[in-house]
Amino acid sequence: MTVTEPLTVRPPQYVGARVLRVEDNKYLMGRGRYLDDLALPGMLQAAFVRSPHAHARIASIDISAAKALKGVVEVLTGAELAKMGTPLVADLQREEVLPVGKELLATDKVRHVGEAVAIVIAESRYLAEDGAQLVSVEYEPLPALVDPEQALSHGAVLLHDDVPGNNVAHIEFDSGGVEEAFAKADRVFTKRFHAGRQHAAPLETRGVMADYNPGTGHLTIWSSTQLPHFLRTLIAPHLQMSERHLTVIAPDVGGGFGLKCHVFVEEAIIPLVAKRLRRPVKWVEDRVENLAASGHAKEIVMDIDIAVTNDGRFLAFRGRYIGDCGAYSGYPWTALIDPLAAANLLPSLYDVREMSFQVDAVLTNKCQTTAYRGPGMAPGHLARETLIDDIAHELGMDPVELRIKNCIGPEPYVTVNNMRFDGGSYVESIRKAQELVDYDRFREAQAAARAEGRYLGIGFSPFVEAGTWGSEGAKALGFPAEFYDTASVTVEPDGTVTVTTGTFNHGQGHHTSLAQLAADRLGVRIENVRVVDGDTSKAVWGAGTYASRSAVVAGGSILYAATEVRNKLLALAGSLLEASPDDIELYDGQASIKGVPEKSLPIAQLAGVGYFGGALRPEGQEPTLSATRYYDPPQTYSNGVVVAIVEVDAETGRVDLQRVVAVEDCGTMLNPLIVEGQVHGAVAQGIGAALYESLEYDESGQLLSGTLMDFLYPSSTEVPTIEVSHIVTPSPVTEGGMKGMAEGGTIAAPAAVINAIADALTPFGAVIRHAPVRPADVLALIEAGRA
Amino acid sequence: MKPASFKYACPTSVQEAVGLLQHFGDDAKVLAGGQSLVPMMNGRLAQPDVLIDINQIAELRVLEVNGGLRIGAGVRQRTALESPDVQRVVPVIAEALRHVGHVGIRARGTVGGSIAHADPAAELPTIMLALDATMTVTGAGGQRTVPAEEFFRGVFTTAVEYDELLTGVHVAVPGPASRSAFVEVSRRRGDFALVGAAVSLELIDGAARRVRIALSGVADRPVLAHRAQEFLEGRDPHDPVVREEAGRLAAADLDPASDIHAPGSYRKKVSAVLVKRALSNAVNGE
């Protein structure tokens, strides 16, 4: 990949500046339109009948009472839906992986609490729920599997007849000399870590609306999704429709965090029903459905071994990852989204030349698992980084110095499993964080507090974040397929600019940050740039927004397309100003001859000539000013550190999170305000992983945390001020120098908080082996240490 | 998450409300702030035929100091929390109210609603038990009063009969020797308590008298720690050893249930800690 030289002589007008978000007025004025705000004349509403059992055969379904209810228009079961559309089958292009199908509605058996068995369509959601209550389903309960190791064991009941051993995939990696390295190591440290079952819990739940026009044969789907184009491509075959007759629109979306970068059965069912009934149909997921039946995340049982010399040099890593993946393989990323990503990022920023891992993606009678900010990377990081703190304590070394001793250098680096890091401030960011928290002084304060019977602790969690998700990045993390994005850039006849992209802004500030890039490359003012996305009939194709990819992939494709249009503008300006295009500068809406500012023309005037100038255009230049380009970036890896400081109440186990410091290096920053917002949100969700979030099932597979009274996530009262600091190490391999970012805080903060708790509890020899850490767990660690 | 259909009544007097309750009996539910009832209805865990909305009954919104603090059942939690009368006369009620949910919840939720709902982990029942409050219950035959100790009968169960309405709560004005405190541990700010402890006592010549210690989250209702109360009677709560022993005795007979947020054993241990701390706050915060 070659990198084009910066084209502007002056420093960029917008990239790197704290430009206020242009999209926010709409939200602040209450003029956003989310899926639930949409309504069409004659629209019907849907509710699902969902299983109360974790695992059961469906003996019979009686829909007669529901159908007879006034206001109910239709009731459909799985058998009927099976005639209308086809199951979603998640598969990866890897020989180890078994395809797993999910029927649109369950027909023969249900595999988790909350799985849908029938849909009721009525004149209102109230009536639809009344109807759902009247659907009578006879179940024959089967044994439920809630422990993935039990599900893997010989003789366990099978969730899917075509998935032997309940294992979607067993994947191994071995660099070759791992066992030898462990044999010759002075010390071997081992830890089992069980990461909690989390959930993205977006403020807006999922939702789908569909409208079919029998006159045109065209079907429009509105979905609260992160990937409108990809959704259209993936869902069309299941609807037995061609893409030309499908429009997918993502309205304003109130958070996705990875949950909505999937395709769900509801996104097939609602369009199929709308088509059948010839009336618009809407379904808005409620919170109970969202918690029980959308997507869970990140529960992995991990065994990590590290071979170490007496002076603290890491010789080899070994990992076993057993994903508790739930009843289905999430579509399209599969059940491997957590355990395989965890395994492949095992080396992180450590210079380890021997590594092996084993991954199992195990089906259990729980809700399927799907991507959630820092998929796999976050739990994997917790296991490794808490073990590294344990090792430091065992070896009598400072945990920060132990990490730095094993850290890679700042230059690009190829990991033992062939991830191509594009260089970063791996050590520098740790040192900077140490300075920011005044590490030495903290250690003094900690000692003084301990003498008073108070327990302060500090946890360091340096990270490398696999973002961007181009083809190479996806493959490096274990998901071989083609991922890129496209953008169109058009200078309109009046000189304003329209950018369309296949990525989709759902809170990330793309309408600002991507406009900054286009404005700089074209030399126009940002207020004259509009970014269009979220509608397959208005924007060019793309794979969507997830995996911290948009700044890099959308940014790169916009830069490519804008450069083409820029070259046309330069040619026009050169012709009109009677200068070489090479001598023209485009800046702040003006084209001028470099060094001769009085020789200038407004870009708006160039645009007019570009469209209507006839012979004024340089010979051979076609009219209009538009270009569409694609970009498939190489791998990028942002890096940074999260540091947490806690005080633990040794009598109640309460953890007071007093301070969080984050250092972020994502290469070229388009907009530091937006980067900081991403760090804040990511760290907050990481705090949730450390202290609060856990979807709990009992032994029979009943979901015990089925409401937000029991599934706890941090709110503003649980998140302290997050102090963010930046280092900028531009990527040498991407267009523009950007690296994907937004997940580092979620990856790193859990280990920062848990290491801080363990550090506070050093007098009790506490070793933490699971997340989240509740007050009761803290008290148990203290009591075990006192015993 | 939409409720099943129901009839709706909106009486403007207690008399009218009681008449409706008598008429509809068990088929009716009283709607106050709706912070517990409405989610239960939306989840269809509660499907009352009739909803009797008491929000338009002005006489339930009285908050006055007149031979004691009287809080009408319809007074919003936020109103009570911010009331100068409450803060001056029985500030520990405000202390407890700060732990009730968040601003939005307190702005709708009522004092009477929380007491009548009788969640065993809720703050208001616990503080009312510690303060030896008296509940006023109105039925067709007129008013009756029920002491807090007899009011709470179990999980979501009180002495209020199906045709009666909780109309107010009365707390005696504490004397100058009174000391009190409320503390709790919850997973997050505003969650129901894992354990809560409320203490009220009089300090006479350095000795504790008329001690009441109420605990939340440890049984099917808020409970008094009788052995700890008796132990403290006449002893000096400034003495950490005395407080420690009181905490131990308060927890000794408890057998709290476990849930996903904490095992019962945790709640038992932390009960002792919170009683100790509440006593300390009560007598050292003076």
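1. A residue is called buried here when its relative accessible area is under 20%. By that cut-off, buried residues account for 65% of the 787 residues in chain A, and it should be kept in mind throughout that the model is predicted.

2. Chain A contains 21 helices and 30 strands. Its radius of gyration is 27 Å, close to the 28 Å that the globule rule gives for 787 residues, so chain A is as compact as a globular protein of that length. The C-alpha trace of chain A spans about 90 × 75 × 50 Å along its principal axes.

3. Turning to contacts, among those in chain A that link residues at least 6 apart in sequence, 80% join residues at least 24 apart.

4. As for the surface, chain A has an accessible area of about 27,000 Å², and 51% of this belongs to carbon and sulfur atoms.

5. In chain B, four strands form an open sheet in the order β11-β12-β13-β14, with antiparallel pairing. The edge strands of this sheet are β11 (178-185) and β14 (223-224) of chain B, each of which pairs on one side only.

6. Within that sheet, β11(B) pairs with strand β12 (residues 195-204) of chain B in the antiparallel sense, over eight bridges.

Terms used:
Residues numbered from 1 in each chain as written. Chains lettered and ligands numbered in written order. Predicted model: local features only at pLDDT ≥ 70, side-chain atom pairs only at ≥ 80, totals over all residues. Heavy atoms only, no water. Helix = DSSP H or I, 4+ residues; strand = E, 2+ residues; numbered from the N terminus. Rg over C-alpha atoms; globule rule 2.2 N^0.38 Å. Buried < 20%, exposed > 50% of the residue type's maximum accessible area, 1.4 Å probe, protein only. Contact = heavy atoms within 4.5 Å. Areas by Shrake-Rupley, 256 points an atom, 1.4 Å probe, with all protein chains shown as cover. Pairing = 2+ DSSP bridges.
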